[in-house]
Amino acid sequence: MIRKFFYLVWYKIRSCKNKSHIWMGIIFMFLFSNMMLNNTKEMIQKVGERPTVSSFPILWSDNLFLMLVFFTVIWMFSDAPFFDRMTTFLLVRSGKIIFAIAHIAYIVILSAVIPIIIYIAETVFLPYVQGNNWGNFWGTLAQTDIIAQVQGRITIDYRILWDFQPQQAMEISASVCFLLCCMTGLFLYMANLFKRKKEAVCVSCFLVILAYVAKWSSHPELYKICPYSWMYLDALTPEYNGVFLSVKYVMTVSIFINIILVALILIKTYRLRDVFC
């Protein structure tokens, strides 16, 4: 059973080389990062220092970047439950439960790879010198109009620099990104089991757009019901203060939703006579 599980996971990972939308998604991640960091050389010249912290937690403050990334994530998972010419054979050999669990593991692995790809992309376009604090570069950009002068796209709220330590901000952004990618993949997978794949794609896209609306309107209730808005660090706070969402709330709810989706997938798979037919 364990050997079958690992074989299925490895088979799905290996099959990615034949999936053009996965490779296009990776390319898009690099293009989006380049779009956001296109004018950073001019910013470095004006500030007179290089950044000492990765721009990864900062990038998510931009509405357009968040929307483009998660639209791409939806596209990358749009082929769930990942049919190919070997599906029937593997399903018969492994059994439907092992087959579903292996696909869930594949979604988790791909969800972990996505923030790593974005981190690599932004590091390529904006290399940084390792430091223990935010440094003058990000502090200056947050308090001056240098970004506007060079027509940059980065949006920096000084409250992020005030409320979060660099390592903490990095860990929170990467963790929430991973959990949201998992949520997206699992939701689309589950929807296909209920024959509601198109509706699920529409709902996912709507929630991504709702994150934009939440940021634009600054309405606290929208942040609570829109998971994708949890990527905005300027909408979070280390401890709940009655206005912004706490990191604990975001992590707890994200994990809970993913657990519910996994449970629904396994229950529905178990009850189906002919899986994915």
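Where is Gln151 found? Gln151 sits in the loop between α9 (146–149) and α10 (158–163); point 4 returns to this residue.

1. Some ground rules. This is a predicted model, in which local features need pLDDT of at least 70 and side-chain atom pairs count only at pLDDT 80 or more, while totals for chains, interfaces and linings use all residues. Residues are numbered from 1 along each chain as its sequence is written, and side-chain values use heavy atoms, with hydrogens and water left out. Helices (H or I, at least four residues) and strands (E, at least two) are DSSP runs, numbered from the N terminus.

2. Helix α14. Residues 247–271 make up this helix of 25 residues, and its first and last C-alpha are 36 Å apart, close to the 36 Å expected at 1.5 Å a residue (the expected span is 1.5 Å times one less than the number of residues). Its buried residues include Val247, Met251, Asn258 and Ile265; buried means under 20% relative accessible area, exposed over 50%, and partly exposed in between (1.4 Å probe, protein chains only). Their cover includes α7 (96–125), α11 (166–193), β1 (236–237) and β2 (245–246).

3. Strand β1. Thr237 belongs to β1 and is buried, at 6% relative accessible area. Beyond its neighbours within four places in sequence, Thr237 has contacts (heavy atoms within 4.5 Å) that include Arg159, Asp163, Phe244 and Val247.

4. Two backbone angles worth a look. Most residues other than glycine have a negative phi. Gln151, however, has a positive phi near 60 degrees, and this residue counts as exposed at 66% relative accessibility. Lys195, in the loop between α11 and α12 (197–217), also has a positive phi, of about 60 degrees.

5. The cores. A nonpolar core is a set of buried Ala, Val, Leu, Ile, Met, Phe, Trp, Tyr and Cys residues joined through side-chain atoms within 4.5 Å. The largest has 82 residues, of which Trp60, Phe70, Trp138, Leu141 and Ile156 touch the most other members. Helix α11 gives the most to this core, with 14 residues. Apart from it lies another core of 7 residues, including Phe5, Val9, Phe99 and Ala102.

6. And Trp60 itself? Which residues is Trp60 in contact with, leaving aside its neighbours within four places in sequence? Among them are Phe65, Phe70, Ile118, Cys177 and Tyr232.

7. Helix α1. Ile13 lies in this helix and counts as partly exposed, at 33% relative accessibility.
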